[in-house]
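Here is a short briefing on one protein model. Keep the sequence and the 3D view open as you read.

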Amino acid sequence: MNTKINYININDLRPLFREDNVIIVVDNSVYNYYKYMFVGFEDKVIVIGAKEAIGGCKDFVKDFATFECVCNELIRKKATINTHLYGIGGGNITDLVGFVAAVYLRGIKVSFVPTTLLGMVDASIGGKNAINIGFIKNALGSVYYPSNVYIITQFLENLPKDLLLNGFAEILKTGLLFDINLLNVCFKYLDNNDINKLNDIISLSVTHKMKIISEDNFNNRAFLNFGHTIGHLLELDYNLSHGNAVAIGMVYESQIAVLLNLIDICIFNEIHRIITKYFNYNIEDYDLVKSAEKILLDKKIIGDKIKVPVISEIGRAKLVEIKLNDYLNCISMKFNLTSKK
Ligand SMILES: NC(=O)c1ccc[n+]([C@@H]2O[C@H](COP(=O)([O-])OP(=O)(O)OC[C@H]3O[C@@H](n4cnc5c(N)ncnc54)[C@H](O)[C@@H]3O)[C@@H](O)[C@H]2O)c1
Ligand SMILES: [Zn+2]
């Protein structure tokens with residue numbers, strides 16, 4: 001794992017694009033907000049999601065059609081094995097661009113400039129990339145590390161509030177799993193809008209993720225799946241944003257953990273309190289019984305068991321193996337601990 005994390009200023013970006021072999025894949029919204037950054041580099045740019053893009057791909061989703069479109073654009077731009085690809089945008093862009101880089105000519109250099117909070121603290125770090133196939137999330141993907149991640153917090157200035165909160169779902173996840181101090185810093189930011197705390201929050205979260213992946217132990221990465229088994233179902237079946245889906249997923253998975261006597265109900269209550277304070281949702285709006293069979297394709301399944309993280313105390317977690325049938329039964333019970341208060 002040789003990714004270098006660079007905290008830079010937005011003005012430091014343009015000089016990087018002057019390198020001869022650069023091709024930039026950029027999110028449409030980011031391109032429109034920050035057009036000035038790409039002036040003079042138009043022939044190096046592929047805009048994702050643009051209707052009339054300069055060398056662009058229409059109707060972006062993290063799907064096979066867009067993947068193919070980007071590859072065709074690379075061929076048209078005569079990208080070679082020496083090309084240095086940049087992915088600039090949120091997690092959808094960095095996941096897609098990372099996957100393109102991993103397979104184009106069997107692998108070309110890639111760097112990321114995450115422009116959402118979720119991208120900065122999570123999606124751009126760790127080398128995991130993927131595209132969805134139909135309703136299967138991250139069905140095609142690889143682990144291929146970016147050379148550089150450039151974190152530029154100025155990008156967050158134009159990010160709508162709900163998208164900022166989206167990133168906080170993954171940060172709260174990190175806090176619940178590993179670091180009560182990170183949680184407390186988050187509360188200071190979220191409750192008092194203490195803007196000075198945002199840089200600390202980002203760097204603490206990045207440090208946690210880098211630590212987990214640099215341990216080079218895929219077992220430890222399994223902790224990061226907290227909220228994601230259920231979250232991925234919600235994301236695809238209810239079209240929720242990734243962060244929202246993970247936030248609700250953390251509550252739902254903790255309910256399952258209580259039901260299976262894996263954690264104390266006090267822990268569940270605290271997780272539920274934290275998530276409902278910041279995320280607006282009603283767990284009863286989501287009927288997961290229909291979605292549950294998709295869990296059978298989940299990468300965390302080993303034989304007839306599923307390995308999931310549970311929060312043993314706030315700021316600490318453990319990995320447990322649960323019989324798949326028990327897990328699915330819990331979902332089909334449609335229980336709701338929150339209504340028993
Ligand atoms: N690879 C990983 O380890 C990993 C980890 C977490 C999430 N992910 C993936 O990340 C994806 C979600 O990422 P996301 O939440 O960043 O979504 P996203 O990439 O779709 O971005 C969200 C929206 O924000 C807009 N946007 C981006 N930057 C902006 C800016 N600076 N100002 C204004 N608007 C901006 C985009 O146009 C888009 O509409 C999911 O597909 C998820 O699976 C991957
Ligand atoms: Zn996630």
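How many of the six residues of strand β4 (residues 84-89) are buried? The count is six of six, so β4 is mostly covered, where a residue counts as buried if 20 or more other C-beta atoms lie within 10 Å of its own. Bear in mind that this is a predicted model. The briefing starts with this strand, then moves to the helices, the domains and the ligand.

- β4 pairs with strand β2 (residues 22-27) in the parallel sense. Five bridges link β2 and β4.
- Within that pairing, G87 in β4 has V25 opposite.
- β4 also pairs with β5, again in the parallel sense, over six bridges.
- Here G89 stands opposite P114 in β5.

- N148 in β8 stands opposite S111.
- Strand β8 (residues 148-151) is joined to strand β1 (residues 4-7) by four bridges. β1 and β8 run parallel.
- Y7 has I151 in β8 as its bridge partner.

**Helix α6**

- Is α6 mostly covered or mostly exposed? It is mostly covered, with 14 of its 18 residues buried.
- At 1.5 Å a residue, the 18 residues of α6 should span 26 Å.

**Residue I275**

- I275 sits in helix α12 (residues 265-278).
- Why does I275 count as buried? It has 23 other C-beta atoms within 10 Å, and the cut-off for buried is 20 or more.
- Which residues does I275 contact, leaving aside its neighbours within four places in sequence? They are A247, M250 and V251.
- An α-helix has 3.6 residues a turn, so residues three or four places apart point the same way.
- I275 and N158 are 117 residues apart along the chain. Their C-alpha atoms are separated by 24 Å.

**Two domains**

- The protein chain is divided into domain 1 (4-158) and domain 2 (213-340).
- The C-alpha centres of domain 1 and domain 2 lie 30 Å apart.
- The contact takes six residues from domain 1 and seven residues from domain 2.
- On the side of domain 1 that touches domain 2, three residues are nonpolar, two are polar and one is charged.

**The shell around ligand 1**

- How many residues surround ligand 1? There are 28. The closest are S29, G90, G91, N92 and T116.
- Domain 1 and domain 2 each give at least three residues to the shell around ligand 1.
- Several elements supply at least two shell residues each. Among them are α2 (28-33), α4 (91-103) and α5 (117-123). The list also includes β6 (128-133), α6 (161-178) and α11 (242-259).
- By class, the shell around ligand 1 has 15 polar, eight nonpolar and five charged residues.

Notes: Residues are numbered from 1 along each chain as its sequence is written. Chains are lettered from A and ligands numbered from 1 in the order in which they are written. This is a predicted model: local features need pLDDT of at least 70, side-chain atom pairs count only at pLDDT 80 or more; totals for chains, interfaces and linings use all residues. A residue is near a molecule or strand if its C-beta atom, placed from the backbone, lies within 6 Å of it. Ala, Val, Leu, Ile, Met, Phe, Trp, Tyr, Cys and Pro count as nonpolar, Asp, Glu, Lys and Arg as charged, and the others, Gly among them, as polar. Domain bounds come from an automatic or database domain assignment. Two residues are in contact if their C-beta atoms, placed from the backbone, lie within 7 Å. The expected span of a helix is 1.5 Å times one less than its number of residues. A residue is buried if 20 or more other C-beta atoms lie within 10 Å of its own, exposed if 12 or fewer, and partly exposed in between; C-beta atoms are placed from the backbone. Two strands pair if DSSP finds at least two bridges between them.
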